[in-house]
Amino acid sequence: MKDPNDQTEYSSMETVAIRGVHLPDPFRALNPPLYQTSTFTFPDMESVDQVLGGHESGYVYSRGGNPTVSRFEGVISRLEGGEASRAFASGMGAISATLIHLAREGRKMFFPRYIYSGTRAFIHKFLNQWGVPVHWFDPRETDWLESLVSRLYHEAGCVFVESPSNPTMDILDLERLSRACRQEGAVLVVDNTFASPALQTPLLAGADLVIHSATKYLGGHGDLLGGVVTGKSDWIKSLAMGEGSFLGATLSPFNAWLLLRGIKTLFLRMEAHSEKAMALSSFLSGHPKVNAVHYPGLPSHPGHEMARRQMKRFGGMLSFDVGTASRARLLADRLKLVKIGVSLGDPESLIEHPFSMSHRWLDPKERSDAGITPGLLRVSVGLEGAEDLIRDFDQALSEP
Ligand SMILES: Cc1ncc(COP(=O)(O)O)c(C=O)c1O
């Protein structure tokens, strides 16, 4: 007999991704219900007092919380190994709310030079304007961690990183960085979008908060925008009751439902993305018209050994350089199967030219500081057959 109230906490994350956090359902539906509602009603004023007074739990208004969204948050907490999560309408919703919250705690902010262009734009347009102390560091310098620690010393700090970074594919030693941050009393935030929890769990390496653009691998189908932050319950609760509710970037119940569906195949998809990205990066690295390939799965990548230690696989993202902007643009135009687009993590392979697209609006000095060369192209390797992808790049590269 199947127990409809089975509350077993499965230990395999593949099982958690499929089964989710189990809540009893009177109709024994295989899939979770979609609570597509803006508000929740009360039977009487006494129960209003119970819920709003904090004596009983209950949903009030979907900007503050919604059962379908809570289910998504619960699954992410399990997959990332965190106590609690808060979902947002987009990755930038999660990043902006988190950075504002940390700035309100009076923290000095530290960012690596190689970071997603939207995060960089938020720092420039908001944190700098508001006078929040912002410092940059270069993780490609050999003594970067020592120099970061010397600047963190005795300060309430926040270090915000990506590994692998978008689009340069830099790998940071998350365990060493976590240890250093802990010693100096700094909060470590890791944007785990490129790896997803199927390949890497930064909280288990000692980070304090993990952020995702759920738009990417968590959703996995290019049909939604979403974001999420995971960490300790108290901190997440304070985020939820502050920026999480009042900046208004709340995840919609429908997108939470799509995310729950997408996550069921996350582990399988990440395995396939990684396999195809490895095949394509090996092809590209042997091509005479390609100057450099940045994929952590290649033994030639400077972060290869570190990635082997801290990631289960190397993921579906790679970037490579063909020397000049005109060659890069021509190559993007000549690809037939691979489409031009700025997103990533979808079944369809996408290519973007950061110089003309994601980093177009940066001034030239800032763009080169961020590691964006004119000939750099970033590929989100999809789930198509590897032979077709390689054939497409081969034909695009072989034209004179
Ligand atoms: C690493 C990374 N973080 C955050 C974001 C922002 O996410 P969203 O587009 O969902 O706001 C992106 C988007 O490309 C990203 O690549």
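Let's begin at the ligand, which is surrounded by 14 residues. The closest of them are Met 92, Asp 191, Ser 213, Thr 215 and Lys 216. Keep in mind as you look around that this is a predicted model.

What kinds of residues make up this shell? They divide into 4 nonpolar, 7 polar and 3 charged residues. If you are wondering which element gives the largest share, look at helix H4, which spans residues 91-104 and contributes 3 residues to the shell.

Now zoom in on the oxygen atoms of the ligand. A backbone N or O atom of Gly 91 lies 2.8 Å from one oxygen atom of the ligand. For Met 92, too, a backbone N or O atom is found 2.8 Å from an oxygen atom of the ligand. Lys 216 takes part through its side chain, where an N or O atom is 2.6 Å from a ligand oxygen. As for how much of the ligand is covered, it would expose 390 Å² if taken alone, and the protein buries 91% of that.

Let's move on to the cysteines. How many disulfides does the model contain? The count comes to 0. Take Cys 158 as an example: it is in no disulfide, and the nearest cysteine sulfur, which belongs to Cys 181, is 8.5 Å away.

The aromatic rings are the next stop. In general, a pair of such rings is described by the distance of the centres and the angle of the planes. There are 9 aromatic pairs in this model. One of them joins Phe 111 and Trp 136, whose rings are 5.6 Å apart centre to centre with 40° between the planes, a tilted arrangement. This pair links distant parts of the chain: Phe 111 sits in strand E2 (residues 108-112) and Trp 136 in strand E3 (residues 134-137), 25 residues apart. Phe 111 counts as buried because its relative accessibility is 0%, while Trp 136, at 27%, counts as partly exposed.

Another pair, Phe 320 with Phe 393, is edge-to-face, with 6.0 Å centre to centre and 75° between the planes. Phe 320 belongs to strand E9 (residues 317-321) and Phe 393 to helix H15 (residues 386-398), so the pair ties together parts that are 73 residues apart in sequence. Phe 320 is buried, as its relative accessibility is 0%, and Phe 393 is buried with a relative accessible area of 0%. Going back to Phe 111 and Trp 136, you will find that they form one aromatic cluster together with Phe 160.

Our last stop is a loop. Pro 302 lies between strand E8 (292-294) and helix H12 (304-310). With a relative accessibility of 82%, Pro 302 counts as exposed. Which distance separates Pro 302 from Asp 170 in space? The two are 8.2 Å apart, C-alpha to C-alpha, although 132 residues separate them in sequence.

Terms used:
Residues numbered from 1 in each chain as written. Predicted model: local features only at pLDDT ≥ 70, side-chain atom pairs only at ≥ 80, totals over all residues. Heavy atoms only, no water. Near = heavy atom within 4 Å. Polar contact = N/O pair within 3.5 Å; in protein donor to acceptor, adjacent residues only side chain to side chain. Areas by Shrake-Rupley, 256 points an atom, 1.4 Å probe, with all protein chains shown as cover. Helix = DSSP H or I, 4+ residues; strand = E, 2+ residues; numbered from the N terminus. Nonpolar A, V, L, I, M, F, W, Y, C, P; charged D, E, K, R; others polar. Disulfide = S-S within 2.5 Å. Phe/Tyr/Trp six-rings, centres within 6.5 Å; stacked < 30°, edge-to-face > 60°. Buried < 20%, exposed > 50% of the residue type's maximum accessible area, 1.4 Å probe, protein only.
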